[in-house]
Amino acid sequence: MHFHPEDVFGLCLERAKKLMGSAKYNSWLSNASFRSYDQGVFTIGLDSEIRANFVTHNYKDNLEELLREVTGDEKVTVVFTHAPETLSIGRVNNSSRHELFSNFLKPGYVFDRFIQGPNNRLAFATAHSVAYEMGHSSTNPLFIYGGVGLGKTHLIQAIAHHIKDHHPDKTFCYISSEEFLTSYVRALNPNKNRSRDMEIFKDRFRNSHYLIMDDVQFLAGKESTQDLFFHLFNDLYLRGRQIILTSDRPPHEIEPLEERLISRFQSGMVVDIKPPELETRLAILNQKLKDENIRLDNDIVFYLAETVKANVRQLEGAVNLLAANIRIQNIDLSLENVRSIITEYLGASSRRLNPTTITSAVGDFFGVNPNALRGKLRKREILVPRQVSMFLLRDLTNLSLEEIGAFFGRDHSTVLNAIKRVNSMMADDSFFKRKILDIRESLLG
Ligand code: ADP
Ligand code: MG
């Protein structure tokens with residue numbers, strides 16, 4: 001194999017997006033993720049059966065064509081799966097203790113490869129200390145939060161790697177809250193031996209010295225899952241087991257989440273990761289360029305570090321794109337070429353998502369003047385779209401509650417209430433929910 005399958009797939013997705021148009025792409029392929037490559041077969045994960053079926057029927061041929069073009073291999077095929085990435089419950093018995101969920105760890109997500117900067121130093125130090133000394137009450141649970149692509153998953157997987165490599169006597173369970181949910185639902189499946197599966201499911205957690213759960217914000221609104229999680233949490237906690245959690249926001253902003261869970265989450269150490277500043281971006285870039293064996297002039301590296309600043313994942317995406325351009329199309333990386341590649345790469349996302357574009361999209365959909373959304377009127381015709389705007393700003397940008405409030409001339413608790421309100425309206429009214437999802441899609445498209 002003379003190519004990196006993951007890069008190739010990423011490049012094909014970029015092309016598919018251009019060919020399909022963003023709206024379709026966002027509906028069907030935006031959460032496609034590379035799973036594996038084996039003897040000419042790309043396995044691609046999608047988040048639901050519906051998506052996997054639809055994509056198989058409608059886009060499989062096109063994607064295969066793109067993949068063949070990029071790899072130069074006429075026999076390449078693609079299969080789509082919606083199975084979660086973790087082991088299934090039944091296999092727990094015959095896997096060694098350390099294999100529990102650990103097939104999901106990315107090899108490169110280790111402490112040594114995590115670049116420290118003022119934005120993440122405390123999170124790094126705490127994660128490091130937890131990996132070396134578990135269950136210390138001041139850092140249990142450890143709750144790490146921050147925006148997407150800032151290194152939360154990397155850090156907590158580094159803890160898991162450390163345990164795996166240095167503490168063979170300790171077990172850990174690494175799982176995302178979405179997988180927790182899926183496994184829980186599967187254990188409840190009435191077609192199976194329900195109570196047995198449920199016990200196996202619970203045992204997986206009870207027996208762990210470290211419970212590492214990624215993206216707990218997805219527990220929001222899932223009451224029975226929260227309930228189960230609360231009990232597992234307490235059970236582990238009382239036995240001095242270390243719990244490590246991440247989220248894209250601090251505990252009190254996860255909505256709706258049971259009070260008792262919020263207070264559990266806050267009871268240990270809560271640390272955040274912020275977007276990296278220039279120097280840290282430079283250091284991360286240099287590490288990544290070295291991995292990819294790309295040599296760039298200093299002014300180009302500097303240009304990249306100055307321009308690509310939303311988060312680390314975006315920075316990595318930029319390097320991957322450059323790498324793919326070199327490998328596949330043999331493009332010479334002059335500053336001019338890099339500029340045009342990066343401008344296009346950044347274009348789509350940065351243009352669209354800011355308070356003004358979001359309020360005007362919401363205004364369009366609800367047929368109200370976007371300026372009124374920032375005004376004082378409290379009529380229902382204005383109030384609801386205003387709340388929706390707040391909800392979408394929170395959802396689609398990195399702005400804090402305070403910043404969103406400021407845009408509307410209101411305080412953060414108003415924003416928080418608006419988000420709560422929109423969530424509950426979405427839960428009660430499927431037409432309303434569809435409308436919100438449509439606005440969201442139009443903004444992302
Ligand atoms: P999150 O879970 O916060 O969304 P990830 O942990 O998935 O973010 O990080 C996104 C990508 O950026 C990963 O490939 C990760 O290795 C990389 N990354 C993030 N922060 C750093 C860092 N400080 N040093 C090196 N790589 C980083
Ligand atoms: Mg993550």
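Predicted model: local features only at pLDDT ≥ 70, side-chain atom pairs only at ≥ 80, totals over all residues.
Nine residues from domain 2 and nine residues from domain 3 make up the contact. Between them the two domains bury about 720 Å², and carbon and sulfur atoms account for 51% of that area.

Which residues of domain 2 lose the most area to domain 3? They are Arg-113, Ile-115 and Gly-149, and together they make up 67% of what the domain 2 side buries.

Now the polar side of this interface. Five residue pairs are in polar contact between domain 2 and domain 3, counting pairs with both residues at pLDDT 80 or more. On the domain 2 side, the residues touching domain 3 sort into four nonpolar, four polar and one charged. The rule finds one salt bridge across the interface of domain 2 and domain 3. As for salt bridges by residue, the side chains of Arg-113 and Asp-291 form one, at 2.4 Å from N to O.

On to ligand 1. There are 18 residues around ligand 1, and those that come nearest are Gly-149, Thr-153, His-154, Arg-313 and Glu-316. What does ligand 1 meet at Ile-115? A polar backbone atom of Ile-115 sits 2.8 Å from a nitrogen atom of the ligand. At Gly-151, a backbone N or O atom is 3.0 Å from an oxygen atom of ligand 1. His-154 uses its side chain: a polar atom there is 2.7 Å from an oxygen atom of ligand 1. Alone, ligand 1 would expose 560 Å², and the protein buries 94% of that.

Ile-115 loses area to domain 3 and has a polar backbone atom by ligand 1. Gly-149 likewise loses area to domain 3 and is listed among the residues nearest ligand 1.

Key. Residues numbered from 1 in each chain as written. Chains lettered and ligands numbered in written order. Heavy atoms only, no water. Contact = heavy atoms within 4.5 Å. Buried area = accessible area lost by both parts, 1.4 Å probe. Salt bridge = Lys/Arg side-chain N within 4 Å of Asp/Glu carboxyl O. Polar contact = N/O pair within 3.5 Å; in protein donor to acceptor, adjacent residues only side chain to side chain. Nonpolar A, V, L, I, M, F, W, Y, C, P; charged D, E, K, R; others polar. Near = heavy atom within 4 Å. Areas by Shrake-Rupley, 256 points an atom, 1.4 Å probe, with all protein chains shown as cover.
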